[in-house]
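Here are my notes for you to read alongside the model. Keep the 3D view open and click along as you go.

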Amino acid sequence: MTLTALRGGRAVRRRSDAAARPRRPRSSYVLFLLPGFAAFLVVVVVPFLMNTGVSLTDWQGVGTPAWAGLANYRELLDDSEFWASFRHSLFMVVAMAVVPTALGLVLAAALFDFVAKHFGARTAALLRACFYLPQVLPIAVAGIVWSWILAPDDGTLNDLLRAVGLGSWQQDWLGDPDIALYSVMGVMVWVQLGFPLVVFMAGLQRADPELYEAAELDGAGWWRRFRHITLPQIRPEISVVLLWCTIAALKVFGAVYVLTKGGPGGATDVPSYFSFTTFFEKTQVGYGAAISTVLTAIVLALALVGLRFQTRAEDAEEGGRA
């Protein structure tokens, strides 16, 4: 850009600083991406390719692997234990994605629209921190604590039921095949709830407060404000939370390992733990690699589909505004 000024009765052409500054070639920005790309290549891509190669072999972890082609994958299609573990992971999706998202929406709206207004922002922040605390705890610590709470003989939950006269409700929460999966699901709801809550409350910070004030002046109750103002305002956050939590549910391992080790009788087995036991207990390394490869492919496909839908929704929203 060139500026023209009068000096001593004559025009003087002067280049602006922005125009005078040399432009950095776009290729130079690639240098800043190289460390992250190299780390991704070494930590993710190369191990995944190696694992895929192992999945095409018959190997017990020692000796020379024998080429098996797609035999492990054909066996996987007929493996009832794998499909049972995959069904259990769908229950985990409900416990770690669907329920925490729904509860997190309601709690975030209540803390933002009710508690903060009537009891102050500090009270809302304190409650938010309490809900988020399970996310900070290591899953091994949380699992051990919950195994004490759900213990059949001297567990806190059974003692509490006995103390309030509901002794008939006592159960072997983690040892009964009929209820063990639901007990693990309950623990995972407790663990996962804080993440959606914090994300939704952050999203509500950018909501226009005038909308809530106008709706309140028009006589709209809390539920109507929640449906017609809160939900549309944080739709992008809902998509991100659902995708993130669903992927976490498909990969869940630590809680199952600490609480039940996949038992009793495989009632709480999930694909990641099934792959682990196949690797290290049954020493069927090729077959375990096939399980983990399939699980990785499912997670990757889900992430790509979720991102695609999110991009389309954002484009449609921007087109509607235009």
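1. Start with Thr283, which counts as partly exposed because its relative accessibility is 34% (buried means under 20% relative accessible area, exposed over 50%, partly exposed in between, with a 1.4 Å probe and protein chains only). Thr283 sits in the loop between α14 and α15 (285–321). Its phi is positive, about 50°, although Thr283 is not a glycine. Most residues other than glycine have a negative phi, and most peptide bonds are trans.

2. A word on the source: this is a predicted model, where local features need pLDDT of at least 70, side-chain atom pairs count only at pLDDT 80 or more, and totals for chains, interfaces and linings use all residues. Residues are numbered from 1 along each chain as its sequence is written, and side-chain values use heavy atoms, with hydrogens and water left out.

3. Now hop to the loop between α13 and α14, where you'll find Lys261. Lys261 also has a positive phi, near 55°, and at 48% relative accessibility it counts as partly exposed. Pro264 lies in the loop between α13 (254–259) and α14 (271–280) too, and a cis peptide bond with omega about -5° joins Gly263 to Pro264. (Helices are DSSP runs of H or I, at least four residues, numbered from the N terminus.)

4. How do α4 and α11 cross? The axes of α4 (residues 80–119) and α11 (residues 222–233) come within 11 Å, at roughly 105° (axes are lines fitted to C-alpha atoms over the stretch in contact, and angles run from 0 to 180 degrees between N-to-C directions). So α4 is roughly perpendicular to α11, a label for 65 to 115 degrees. Contact means heavy atoms within 4.5 Å; here α4 brings Leu105, Val106, Ala109, Ala110 and Asp113, while α11 brings Trp222, Arg225, Phe226, Thr230 and Leu231.

5. Which residues of α11 are buried? They are Arg225, Phe226, Ile229 and Thr230. These cover an arc of only 125° around the axis, so they are on the same side of α11 (the arc is that of the directions from the helix axis to the C-beta atoms). They pack against α4, α9 (194–204) and α10 (209–217). Arg224 and His228, on the other side of α11, are exposed.

6. Back in α4, have a look at Ser89. Ser89 counts as buried because its relative accessibility is 1%. Leaving out residues up to four places away in sequence, Ser89 touches Leu250, Val270 and Pro271.

Notes. Helix = DSSP H or I, 4+ residues; strand = E, 2+ residues; numbered from the N terminus. Parallel < 35°, antiparallel > 145°, perpendicular 65-115°, else oblique.
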